[in-house]
Amino acid sequence: MFHQKLDSFPTDFLWGSASAAYQVEGAWNTDGKGASIWDNYVKIPGTTFKGSNGDVAVDHYHRYREDVALMAEQGLKAYRFSVAWTRILPQGKGEINQDGLDFYNDLIDELLKHGIEPIVTIYHWDLPQALQDEYGGWESRHIIEDFTAYARILFEAFGDRVKHWVSLNEQNVFIMHGYMMASHPPAVSDPKRMYQANHMANLANASVIKAFRDGGYSGKIGPSFAYSPSYAIDANPLNVVAHENMSDFSANFWMDVYVYGRYPRVMINNLTKMDVMPDIHKGDLDLLKAGKPDFMGLNYYQSMTVASNPLNGVSMGGEANYTGEKGSTQESGMPGLFKIVENPNLEKTNWDWTIDHEGLRICLRRISSRYDLPILITENGLGEFDTLEEDGSVHDQARITYLNNHCLAIQEAISDGVDVIGYCTWSFTDLLSWLNGYQKRYGFVYVDRDEVNQKDLTRYKKDSFYWYQKVITSNGQSLTD
């Protein structure tokens with residue numbers, strides 16, 4: 001729909017930015033921290049771009065005060081970060097590491113001192129290696145109790161100051177990449193194990209939300225979902241069915257469980273036929289229903305366009321682009337369901353991700369209509385090459401254009417009637433982009449390091465730093481200047 005005039009952003013809108021512990025903290029074995037699956041996985045030759053890892057990352061663990069001072073200078077209203085499970089419980093359970101609690105207590109207090117609301121992600125992929133070794137991590141029901149016990153520690157320690165909690169970050173990504181595409185730990189390709197691990201993650205997520213409610217903690221809690229909305233390539237009914245298939249398999253399959261506590265009927269039917277339906281025990285559905293979130297977290301980067309894919313068609317085995325060599329992504333899909341195809345209406349980044357700000361508005365509309373929940377945008381950003389000039393400046397106009405257009409799409413969605421709590425860009429500083437190394441930069445703040453040389457990790461403010469500063473100060477009015 002078109003509007004004569006766009007509604008203003010709410011006066012309490014959370015203009016924020018985000019990060020994840022493994023990608024920024026470094027200090028991977030400092031002050032009693034245990035090893036996570038990512039600490040070990042990245043050491044396997046060939047798993048990451050140029051062998052990059054997060055041992056040092058951008059050293060946020062030692063430089064958080066410097067980073068928070070930059071956030072305050074920019075005027076951030078919120079900062080979303082994750083807690084490293086193994087800083088709190090080095091073995092995933094058992095004895096608490098006080099140094100780990102102290103670090104996050106200090107970070108939270110530093111944020112609040114500068115008027116920045118902390119948004120805490122309980123789990124952002126860094127499962128304790130000890131739990132993976134003991135019982136297979138997310139494939140075991142033991143994870144439900146251990147994850148809930150860990151979350152309770154955080155609620156007790158930080159609940160007096162934290163008002164927004166993200167229970168799981170991108171469950172759909174860490175499950176699919178870990179158990180189907182074999183590109184994240186534990187790096188297996190087994191649909192049966194994938195759907196079973198996903199069911200355990202659903203139960204663990206619901207258990208944590210239930211524990212939050214049962215504990216009487218103030219604030220709100222919800223998962224963060226990586227949503228790439230699908231479009232049919234054209235009006236051919238077979239391609240429209242492919243879009244419906246992708247919507248069920250790649251979106252509704254997760255969010256319906258979060259909100260309604262049940263799997264979509266189409267998914268149950270097809271997973272049963274494929275002999276990959278997870279084992280659902282008595283009481284599982286009751287627990288899932290008890291875990292309805294207060295909001296839906298949304299991570300949005302790109303849309304997907306799909307076409308019909310026969311039973312002998314392309315699979316998820318196509319090589320992804322982790323190098324920044326534009327056009328190197330191979331075709332992928334799910335046989336009998338859909339395949340991802342080029343959208344002639346959209347440009348792409350150097351990592352072959354579509355640039356589609358209207359896709360964010362579509363996500364917001366679909367989530368709002370289907371689930372009737374407030375939405376917190378927990379990630380959105382442009383990963384690209386940046387150049388540090390001799391004078392210390394970084395001219396990232398492409399990022400400014402990208403973010404400005406996406407913020408306008410949010411304002412359009414708000415004008416449509418969607419309840420949006422806030423917007424956290426990815427990311428505040430540059431960071432380790434998982435398998436992509438350090439050359440794929442997202443931040444408002446340039447960190448001087450690369451894959452092979454950590455250099456001095458000096459921080460430099462990019463042009464986008466000042467652009468977002470104006471957006472925040474004007475509460476979004478500068479977007480149309």
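**Close-up views of a predicted model**

View 1. Val 306 stands opposite Ile 340, a residue of strand S10. The structure shown is a predicted model. Strand S8 (residues 304-307) and strand S10 (residues 338-341) run antiparallel and are joined by three bridges. These two strands belong to an open sheet of four strands, ordered S6-S8-S10-S9, with mixed pairing. Strand S6 (230-232) and strand S9 (333-334) stand at the edges; each has a single partner strand, so one side of each is left without a neighbour in the sheet.

**View 2. Strand S14 and two of its partners.** Seven of the seven residues of strand S14 (residues 420-426) are buried, so the strand is largely enclosed by the rest of the structure. Strand S1 (residues 14-18) pairs with S14 in the parallel sense over five bridges. Within that region, Ala 18 has Trp 426 of S14 as its bridge partner. Strand S13 (residues 375-379) also pairs with S14 in the parallel sense, over three bridges. Here the bridge partner of Leu 376 is Gly 422 in S14.

View 3. The side chains of Lys 43 and Asp 55 meet in a salt bridge, at 3.3 Å from N to O. Both Lys 43 and Asp 55 lie in the loop between helix H2 (37-41) and helix H3 (60-74), so the pair ties together parts that are 12 residues apart in sequence. Lys 43 counts as partly exposed because its relative accessibility is 37%.

**View 4. A salt bridge between two helices.** Arg 65 and Glu 110 form a salt bridge in which the closest N and O atoms are 3.9 Å apart. The pair links distant parts of the chain, with Arg 65 in helix H3 and Glu 110 in helix H5, 45 residues apart. Glu 110 has 10% relative accessibility and therefore counts as buried.

View 5. Arg 361 and Glu 358 meet through their side chains in a salt bridge (3.8 Å, N to O). Both residues lie in helix H13 (residues 357-371), three residues apart, about one turn of the helix. Arg 361 counts as buried at 10% relative accessibility, whereas Glu 358 is partly exposed at 29%.

**View 6. A salt-bridge network.** A network of salt bridges links Asp 386, Asp 396, Arg 399, Asp 430, Arg 441 and Lys 462. The search of the whole structure finds 28 salt bridges.

**View 7. A negative surface patch.** Asp 31, Asp 99, Asp 102 and Asp 106 form this patch. Asp 106 lies in helix H5 (residues 98-113) and, at 37% relative accessibility, counts as partly exposed.

Terms used
Residues numbered from 1 in each chain as written. Predicted model: local features only at pLDDT ≥ 70, side-chain atom pairs only at ≥ 80, totals over all residues. Heavy atoms only, no water. Patch = residues over 30% accessible without salt bridge, like charges linked within 9 Å, V, L, I, M, F, W, Y side chains within 5 Å. Areas by Shrake-Rupley, 256 points an atom, 1.4 Å probe, with all protein chains shown as cover. Salt bridge = Lys/Arg side-chain N within 4 Å of Asp/Glu carboxyl O. Lys, Arg positive; Asp, Glu negative; His and termini not counted. Charge placed at Lys NZ, Arg CZ, Asp CG, Glu CD. Buried < 20%, exposed > 50% of the residue type's maximum accessible area, 1.4 Å probe, protein only. Pairing = 2+ DSSP bridges.
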